[in-house]
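Please read the numbered points alongside the sequence and the model.

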Amino acid sequence: MELDLRSFHRAAAGEGEASPLATCKIVFSAGARVKRYDWYRERYFLEELVVEEGAIRMERLQRGAPLLNTHSSWDLEDVLGVCENPAIERGAGTVDVTFSRRQTVAGYVQDVDDGVIRNVSVGYARHKIEMVPPEEEGGLWVYRVVDWEPMEVSLVPIPADMDSQVVRSADGQLQLPDGRELRSFPCEFIETRAAGATDSAHGGRTAATLNHGDRSMPDEEKAAAEAKRTADEKAAREAAAAEAARAEQTRSAEITELCARHSCANLAAGLIRDGKTVDQARAAILDEVARRDAAAGGHRNVNGTITTERDEHDTRMAGIEEAIMHRVLPSTKLTDNGRQFRGMSLLEIGREMLEASGVRTRGMARMELATRMVQFRSGMHTTSDFSHLLANVANKRLRAAYDENPGTYGVWARRAPNAPDFKSMKVVQLSGAPALLQTNEHGEFKYGALSDGSETYNLLTYGRIVSLTRQAIVNDDLRGFDRLVGAFGNSARRLENATVYSQLTANAAMADGVALFHADHSNLSTGAGSALGTTGLSAARTAMRKQTGLQGEVLNIAPAYLIVPAALEQTAYQYTSTQYVPATKAEINEFRTGGRTALEPVVEPILDSASATAWYLAAASGQIDTVEYCYLDGEEGPVIESEVGFEVDGVAYKCRLDFAAKAVDHRGLHKANGA
């Protein structure tokens, strides 16, 4: 709250005396309203410091509070002087200030004396606030600080109140340099009357007039009128606050009843918190009912349409699942339904579930409660509600961890359609169309034939089982559960990555009985010329260009990806970088980004364990098949299932992944052993 400074005085020093003490009187608060933001309720408000007896705790000022340099309190050099003798004069809080004799303060004292530094601010602690609702729709709340404690007073460059000035006058009245009278409340003043009050309550004067004072009245009458105005305003404020509280209670109750009546209980908290009126809440409820109606296929009373609504149990379970998911993954969105369960421990959640289902839990020991919540089923022949709930959370967290760690294989390998079952899958390779033959006039068109080959592979299942014990539930060890589920996601991605790259490093035999990379397949470079460089890249590219199909047709395959181990990462980037500048024409590198046969580098440290010098070229999967991978239909990626354990006292969670990968054509791949 930036305020006003007045009555500066500098004592003269005689010959041989110490430096003079400079003093002044400061208005540290005039009750001006300042626009601020309430982060808890997410709205702007006007803060008003109440300046009257009983509202300000003066103890610190009476004992000598510091005068600071722009609220800085990190160093004793920040102290410019001391504040004493606090008082309330004409609706403003004042203190006497004595400046320090330090040489470092002399400049500030001179600026105050010269009228350069004029503005003041007070640092304070709030102890009690009255919140007054706006009188008009869309207006701002007023937070009246009715109990506050000044901690320090500061000289500042920019005040919130433009009328905060250094004031000098012969009669000691608060007065601006141009003679205008300083207003105690610089904002618009709206008088609030208690029930039954009339204009005569202030003797025919408005509150604003009394606040400014009437210089034609005797001092005794002015003091009495001021006291009466203060008492009337206080009574009016108390009545307005009580009426506002009653109105707020009525509004909250009506909104809650409306939401419950229309099965929209999840909207109540948000509508009340956002300050919506009953009419606005009614409109929001109608919109929600209409949205549900449309999602169900139209008006539920037309043509006898049968709709299925989520019952209270399903809504509660969805909110609990949302709250637990928010605990393990804070970035998850939390709605009003889930917010009511936020911060509850697993045992508290279990008690909530059991009590809502009619199971009395009063007097249950913690371990007994954990057992009941794990084994409880809300319906016949169903899984445990709690284990099913955590399984849903685990699958969402697993998918998040899985998606956060994509393998490098997805850059160049081809994803095949999902496999419908675990039977062997045959990938058929067709040759190019036969060459067209010249046909003379009246000649006969001759038949041609397509050759084909095939590769076979099938899905494999991978998985592990872990348990969440009763002890972990009692200890509320969700962090360990979260780390375990996240580790499953990372492990599944690493397994997929290793499975795809094993097709390159294992160099298994293809359907023709020849290894994937072999001289007979014309896709293997060896010797000194196979080192990663322009010579080795050119030789490998030429070999891929010359690959022939099943009928001997030249395929003219262009490489698209350079796959290297971590040991060759820097070299790979050098030969594919746009920053490479050749010194001669012979050194032009067309493998760089933007070149005629640009290569995208793919670095995979799995390859280092097989060879730190070998590297590979791969064609784009849209041009020719290379390595493909697939999942079981309906289970793309890892999934988690749960079961209430009998051997293990708790809930068992099984993570499963159905995945397969296979090199299906050698023509789109080339390997160089390196030097």
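This is a predicted model: local features need pLDDT of at least 70, side-chain atom pairs count only at pLDDT 80 or more; totals for chains, interfaces and linings use all residues.

1. Asn 85 sits in strand 6, which covers residues 79-89; strands (E, at least two residues) and helices (H or I, at least four) are DSSP runs, numbered from the N terminus. The phi of Asn 85 is positive, near 55°, in a residue other than glycine. Most residues other than glycine have a negative phi.

2. Residues are numbered from 1 along each chain as its sequence is written, and side-chain values use heavy atoms, with hydrogens and water left out.

3. Asn 556, although not a glycine, has a positive phi of about 50°. Asn 556 belongs to the loop between helix 15 (534-545) and strand 16 (559-564). With a relative accessibility of 45%, Asn 556 counts as partly exposed; buried means under 20% relative accessible area, exposed over 50% and partly exposed in between (1.4 Å probe, protein chains only).

4. For the chain as a whole, the secondary structure comes to 16 helices and 22 strands. Of the 675 residues in the chain, 39% are buried. Among contacts between residues at least 6 apart in sequence, 69% join residues at least 24 apart, contact meaning heavy atoms within 4.5 Å.

5. Helix 2 runs over residues 103-114, and its 12 residues should span 16 Å at 1.5 Å a residue; the end C-alpha atoms are 17 Å apart, which agrees. The expected span is 1.5 Å times one less than the number of residues. Which residues of helix 2 are buried? They are Val 105, Val 109 and Val 112. Seen down the axis of helix 2, these buried residues fall within an arc of 60°, so they line one face of the helix; the arc is that of the directions from the helix axis to the C-beta atoms. Gly 115, with a positive phi near 80°, follows helix 2.

6. Helix 7 has 17 residues and reaches 25 Å from its first C-alpha to its last, close to the expected 24 Å. Its buried residues include Gly 319, Glu 321, Glu 322 and His 326. His 313, also placed in helix 7, is partly exposed, with a relative accessible area of 22%.

7. Helix 7 (residues 312-328) packs with helix 9 (residues 346-356) at an angle of about 175°, the axes being 11 Å apart. Axes are lines fitted to C-alpha atoms, for helices over the stretch in contact, and angles run from 0 to 180 degrees between N-to-C directions. The two helices are therefore roughly antiparallel, a term for angles over 145 degrees. Helix 7 contributes Arg 316, Met 317, Ile 320, Ile 324 and Arg 327 to the contact, and helix 9 contributes Leu 346, Ile 349, Glu 352, Met 353 and Ala 356. These contact residues divide into seven nonpolar, no polar and three charged; Ala, Val, Leu, Ile, Met, Phe, Trp, Tyr, Cys and Pro count as nonpolar, Asp, Glu, Lys and Arg as charged, and the others, Gly among them, as polar.

8. Glu 604 is in the loop between strand 17 (600-603) and strand 18 (615-619). Is Glu 604 buried or exposed? At 5% relative accessibility, Glu 604 counts as buried. Leaving aside residues up to four places away in sequence, Glu 604 touches Thr 408, Asn 497, Tyr 501, Val 564, Pro 565 and Ala 566.

Note on methods:
Angles under 35 degrees count as roughly parallel, over 145 as roughly antiparallel, 65 to 115 as roughly perpendicular and the rest as oblique.
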